[in-house]
Amino acid sequence: EQCLACKPGTFRSDARHQLELCSTCPGGMYSFGGAAACRVCPIGGDCSDPTRILAAPGFWYPYGNASAQLDMGAFLACEPAEACPGGAGYTQCAPGYANNFACSKCSTGYARAGEKCIECPGDMVSVVIVIALVAVGIAVGIVVITLVVRAQRMKTQRRVRSLSVVPQIVKTAINTAQTLAVVFALRAQTSKLLATTAAQALTFSALSMDIVPIRCLSNLSVYQSFVATMLVPIAIVFVSGLCSLVASPTQPALAARQAATIAAVGFFLAYPAVARSAMSMLACRAFSLRSGLWLADDLDIQCFVGSHAVYAGVAVVAIVVYVVGAPLALLLALRAAPADRYSRWSFFAGQYRSRVWFWEWAILIRKVGMTALAVYSRRAVEQLVMTSLVLIVVLGAQLYAQPLILRKLNNAEAGGVAVC
């Protein structure tokens, strides 16, 4: 009898590989020919054709294709899944995604919005959008800061609280937008429209370098974006001091007080972006396909090696100083000087009941916790469950404590959390 090897997609357990005696591989298994047994399709593979392994949509492998007959342990899941179309080419990336490790970067002409890459608007459109956003931000900032500075000069607590209503409304809108930005950017969120909305919510509600038009115009690297974001609080302090000196050149003490107040309000706007940027520089991932830890925001950068070790050190300092130190210092200042809560720092405590004057810091902890969850948790279900629990607890606490003096403001704050 002539002994011929079994064809791909078939097998025979003994040495007599006569073609008519070979059996077809069952579903979910494959063989490359001459096989004594079929193999289970690797995770992320598509073995609907038992003669070869295709990459399933949403999965990637660093080299090879279906014709190479590779026996790999598993494919790598892409984030987002739409970045990797799968098929016979294991390294193939979808339009808008660059051909780097796991298709994790955007190609030229595209920018990151949440985890997904979206096509950039034209340069002129991007410039107009940036100018419009800056103009709106400046206008809102001028109104809020003017009212806050005027509140410092008021003699009665009632008058101060009347002036702090508008800043509180602005704060509620900003808090809602910043929370929505985190929620819509979760990995459990599959809508490309909502991912884009999240990016634009963060654009409007924080002084972030992740604004899509800015990314399109500047094409900043991960390191450049990190440095620019870390410099934002310093720039806020400098501009606040300069404006205060111009407004009160003959009263340095008053200028210093006003500068501190304006800088604190500016830092409030930038806080989520600064916290996320610092945390992201320490968010690393391990892969079975290669050794070491790799930066989640740029999978071509190895963590804690070379340049990244320096930036990671800066990120630790930023977390200590910006994320923890600055809010804690302001909290202690308000605790030590109760009268300042309704004058100098009315933006942060002017509309809260005296027994819960610190409520703004509870909201701050919520933002930090949700940001940390979005940055460090890699599993969509875990993100969704934990975020839902946080929002339920926050909503319950808001409804129970009713921390704001005006009922309408309490309803607005609760409504903002409920929307999320």
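This is a predicted model: local features need pLDDT of at least 70, side-chain atom pairs count only at pLDDT 80 or more; totals for chains, interfaces and linings use all residues.
**Figure 1. The whole protein, counted up.** A residue is called buried here when its relative accessible area is under 20%. The chain is built with 12 helices and 12 strands. Take the contacts between residues at least 6 apart in sequence: 55% of them join residues at least 24 apart.

**Figure 2. Helix α6 alongside helix α8.** Here we zoom in on α6, which covers residues 222–247, and α8, which covers residues 307–336. Their axes sit 12 Å apart and meet at an angle of about 25 degrees. Angles under 35 degrees count as roughly parallel, and so α6 and α8 get that label. The crossing of α6 past α8 is left-handed. On the α6 side, look for Y223, F226, V227, M230, P233 and I234. Across from them, α8 brings S307, H308, Y311, V314, A315, A318 and Y322 to the contact. Sorted by type, the residues of this contact come out as 11 nonpolar and two polar, with no charged ones.

**Figure 3. Helix α8 against helix α10.** Now we turn to the pairing of α8 with α10, a helix made of residues 359–376. The two axes are again 12 Å apart, but this time the angle is about 170 degrees. Anything over 145 degrees counts as roughly antiparallel, so that is how α8 and α10 run relative to each other. From α8 come V323, P327, L330, L331 and L334, and they meet W361, L364 and V368 of α10. This contact has eight nonpolar residues, with no polar and no charged ones.

**Figure 4. A closer look at P327.** This proline is found in helix α8. Its relative accessibility is 11%, so P327 counts as buried. Who are its neighbours? Leaving out residues up to four places away in sequence, P327 touches F267, Y271, Y322, W361 and L364. One of these, L364, is 37 residues from P327 in sequence, yet their C-alpha atoms are 8.6 Å apart in space.

Definitions and conventions. Residues are numbered from 1 along each chain as its sequence is written. Side-chain values use heavy atoms; hydrogens and water are left out. Axes are lines fitted to C-alpha atoms, for helices over the stretch in contact, and angles run from 0 to 180 degrees between N-to-C directions. Helices (H or I, at least four residues) and strands (E, at least two) are DSSP runs, numbered from the N terminus. Angles under 35 degrees count as roughly parallel, over 145 as roughly antiparallel, 65 to 115 as roughly perpendicular and the rest as oblique. A crossing is left-handed if the near helix is turned anticlockwise from the far one by less than a right angle, and right-handed if clockwise. Contact means heavy atoms within 4.5 Å. Ala, Val, Leu, Ile, Met, Phe, Trp, Tyr, Cys and Pro count as nonpolar, Asp, Glu, Lys and Arg as charged, and the others, Gly among them, as polar. Buried means under 20% relative accessible area, exposed over 50%, partly exposed in between (1.4 Å probe, protein chains only).
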